[in-house]
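This note sets out points for a first reading of the structure. Please keep the sequence and the 3D view open while working through them.

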Amino acid sequence: MDFFLIHLLNALLYASVLFLIAGGLSLIYGVMRIVNLAHGNLYAFGAYVTAWSVGLLAAAPLSLQYLLIPVGAIAAAALGAVLEPTLLRPFYKRPEEYQLLVTFGLLMILEDVLRLVWGPYPLSANILADVMGSVSILGAVYPTYNLLVIAIGAVTAVFLWSFIYRTRFGVVLRATSQDMRMSSALGVNVNRVYVQAFTLGCLMAGLGGAIIVPSQSAVLGMGVDALILSFIVVVIGGLGSLEGALAGALIVGVVREAGIALFPEIELAVLYLMATIVLLLRPAGLFGRA
Amino acid sequence: MSTLAVALETRSPARVFAWAIPIALALLVLPLVIDQYQTILLSYGLVMGIAALGFNLLLGYTGLLSFGHSAYFGVGAYVVALMVKYLGVASMELFLIGAIIGSVIVTALFGFVCVRYTRIFFGILTLALSQVLWSLAFKFFWVTGGTDGLRVPTPTLLGAVSGKGDKIAFLAGPYYYYVLVLFFGCVALMWVIVNSPFGKALQAIRDNETRAEFVGIQVWHYRWVAFLVSGVFTGLAGALWVPLNGLTTPEVLYWPFSGELVFMTVLGGFRSFAGPIVGAIVFNYLKTYAVGFTVYWQLLMGTVLVILVLSLPTGIVGSAGRLLARWKRAR
Amino acid sequence: MRLLETQGLVKYFGDTHAVDHVDFAVAEAEVLALIGSNGAGKTTLVNVISGLLRADKGTIIFNSVDVTAQSVHDRIKAGIARSFQLVNLFDQLSVLDNVALSIFTRGDKTRKLMSLAELDRAVWQEALQVLYLFGLEAKATMLAGGISQGERKLLDVAVAYALRPKLLFLDEPTSGVSTREKAPIMDIITSIVRKERISAAIIEHDMDVVFNYSDRIVAMHGGAILADGPPDEIRRNEQVIANLLGAAP
């Protein structure tokens, strides 16, 4: 029983982070119809920045250090706010290959920037997780910090949902995503909406990295892995849909955890198989719109 | 009808012979004037030229941007290495046959999944599948040698020319010419393919998928065949590369390598036939000398890619062509 | 003999019946106009018959064969071709290439990887002849993306014609073209189809074009056929007048 519970919690932990990354990717696509291949590296960036700032203030009281966790998210958001107008905007009107090429170039740049700034070795912030210890649930012992991550994921999902469906900005966002020209004709400043949407998407990815880093270190290559996994999530859940990102993240989290427990060698292959089957049967995903 | 003659003459692909022959002659004669190290370096460039040529059948002619072509290069390379390890093969011809068979199988399978989709889905699917292969090369380390990789000794060419003895002389001499002949063959073959009715159909699909469907082209089938041809060329390049390198590691399946293929093709110009080849050879020199400068050369590559896409989208060949046209007009 | 016949054809978009139980027929060697206000279902009908969309209900019989479930490729082989309302061409290929492609696919020649396209003289001769028919031979070597709108419209039709269809659907062949150019374009198109006894179903909004060039008019409204008959009869039909033509002058 406790074996099962631990795997379930791990699945939820994974799903939490994946939801943040994939949700950001989906949001950006939903509003702007572009996929940023460097999105995974924004997640990595968030992880590195948080780990680094926690390391910087290692001497400070722990409570202060916890407050540093969002720093990674904010840094990723700031980076996104800079990137959209400079690197992405020139390409909206050009054929899609160019968009893909430029974000791929960005992927390569960010990967090496991470190495340049923080070196080739993993960067961690374990202290924050270790100090919280573990808690006993129904006979299983589980790190308390991980429960915090799961909680943050759930809260973010609720917050995002209300943000998108209950605020004025959310209405503007949804209108622009459905019909860019019409919104523009109605007076919406599309350029500003785009940069805001992109920033929000990057914030989410950065947050995913920031909250996971106390639990597992920031390493090079985590960005591309995250990109591929979040892609599997949106394939299953449907690109452009936040509910889809949530559903997809949960499914991927569970399947991956089951794969690790039962077939560790080919766990990645099982996920790809699943994504392939979904693509073949229901190309738009569970919740997607074409 | 003279208009037909005019129409065909001005666009005749045979005009390419004007460039091709001097360059071919130069390549034949070069080893006599440059040193052995430079000859081997050029061999690497020619091999990557074949890979880029294959890659560009998909990008430039069919409009599909693959981020996972390292998979097929790696398949070619590992097939050779595994043939050495498990079958004790030393014949280059057998290596090539094995690599082709392996590439056909993998590209047929991967292509079946990927070509149902276009653009971003296609791109990430190809990336994802190549990552699967990479992770398999890691995990099954008792087969693939893991990160240490597998060594491959110099092969025997045509059953007669043995690789034993002075390795450098072999690679700079007989092996260079072997690669060169195959390079000429691949270029000629690809040239015929892109100028065939099939090639025209691919370009139609690139330009307007719906219209292509309504002209009677079964888009999915054609894309799949293009994927197959593209992957086999790249796999062949992988097989030719291994003896040069002496070793194959999972690096060759990892996504940055796919990135290099994309980069060199865009550098040379993906809207022309020769662009990818030029890009591959130029890139080969750039990489060799830049790696000496800095270990952050992926940063360099990414930056140049962004600049290229922003301001020089037609690459070296395209820009040179434009300059040439302007110079001709100015005279 | 009826070349094409649809029975109870239905296409839904969500709750809307874009095509609502339509029985539509085209005879051999007939030129008909398909008219109706925007949203009447004309383009959807053509999309379903040509295969771009699948019918939700009903059957399509072409040349006595049930093609309802057939792919686009098979329908083209059977003899149905179409042009598009928003011009759909291969912009990076030359005008000659655009037409030649239809001829290559017609002969199943696009399967050939190992032969040079330039060497197939027969195809290029035919392609040039088609261009002559349509008055486009002067632009043979220009890229399709670089010629005028009127020429692009004609090229769109030429590409479909080069498939040697039995039934040609033309979706607004003169839209976006100046009034002065409309008649020459329609003259060329109708003379070609009549001479070769190709049936043509033309979606048109310009009533002058409709009444001057068609043997028969089919009027649609709200996804259903409102009226069907020779021009004189349609001109006098009250429902058509009310919904489409406006009050009689």
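1. Two residues are in contact if their C-beta atoms, placed from the backbone, lie within 7 Å. The model is predicted: local features need pLDDT of at least 70, side-chain atom pairs count only at pLDDT 80 or more, and totals for chains, interfaces and linings use all residues. Residues are numbered from 1 along each chain as its sequence is written, while chains are lettered from A and ligands numbered from 1 in the order in which they are written.

2. Contacts of one strand residue. R151(B) touches G246(B) and L247(B), when residues up to four places away in sequence are not counted. R151(B) lies in strand β1 of chain B, residues 150–151; helices (H or I, at least four residues) and strands (E, at least two) are DSSP runs, numbered from the N terminus. A residue is buried if 20 or more other C-beta atoms lie within 10 Å of its own, exposed if 12 or fewer, and partly exposed in between, with C-beta atoms placed from the backbone. R151(B) has 14 C-beta neighbours inside 10 Å and therefore counts as partly exposed. The C-alpha atoms of R151(B) and S319(B) are separated by 41 Å, and these residues are 168 apart along the chain.

3. Which chains share the most contacts? Of the two pairs of chains in contact, it is chains B and C. Chain A and chain C are joined by no contact, and their closest C-alpha atoms lie 13 Å apart.

4. Chains B and C. The contact takes 37 residues from chain C and 29 residues from chain B. On the side of chain C that touches chain B, the elements giving two or more residues are α2 (72–78), α3 (95–106) and α4 (121–134) of chain C. The largest share, seven residues, comes from α3(C). By class, this side of chain C has 17 nonpolar, ten polar and ten charged residues. Here Ala, Val, Leu, Ile, Met, Phe, Trp, Tyr, Cys and Pro count as nonpolar, Asp, Glu, Lys and Arg as charged, and the others, Gly among them, as polar.

5. Chains A and B. In this pair, 27 residues of chain A are in contact with 28 residues of chain B. On the side of chain A that touches chain B, α5 (96–118), α11 (222–237) and α13 (267–281) of chain A each supply at least two residues. The helix that gives the most is α5(A), with 16 residues. This side of chain A has 19 nonpolar, two polar and six charged residues.

6. The sheet of chain C. Six strands form an open sheet in the order β7-β8-β9-β4-β10-β11, with mixed pairing; two strands pair if DSSP finds at least two bridges between them. Strands β7 (80–82) and β11 (224–229) of chain C stand at the edges, each with a single partner strand, so one side of each is left without a neighbour in the sheet. Strand β10 of chain C, residues 216–221, is joined to β11(C) by five bridges, and the two run antiparallel. In β11(C), I225(C) is the bridge partner of M220(C).

7. A helix of chain A. Helix α10 of chain A has 23 residues, 190–212, which should span 33 Å at 1.5 Å a residue; its end C-alpha atoms are 33 Å apart, which agrees. The expected span is 1.5 Å times one less than the number of residues. Because 19 of the 23 residues of α10(A) are buried, the helix is largely enclosed by the rest of the structure.

8. Two loop residues of chain C. S64(C) has a phi near 70°, a positive value in a residue other than glycine. S64(C) lies in the loop between β5 (57–62) and β6 (65–66) of chain C, and with 9 C-beta neighbours inside 10 Å it counts as exposed. R197(C), not a glycine, has a positive phi of about 55°. R197(C) is placed in the loop between α6 (179–195) and β9 (199–203) of chain C, and with 10 C-beta neighbours inside 10 Å it counts as exposed.
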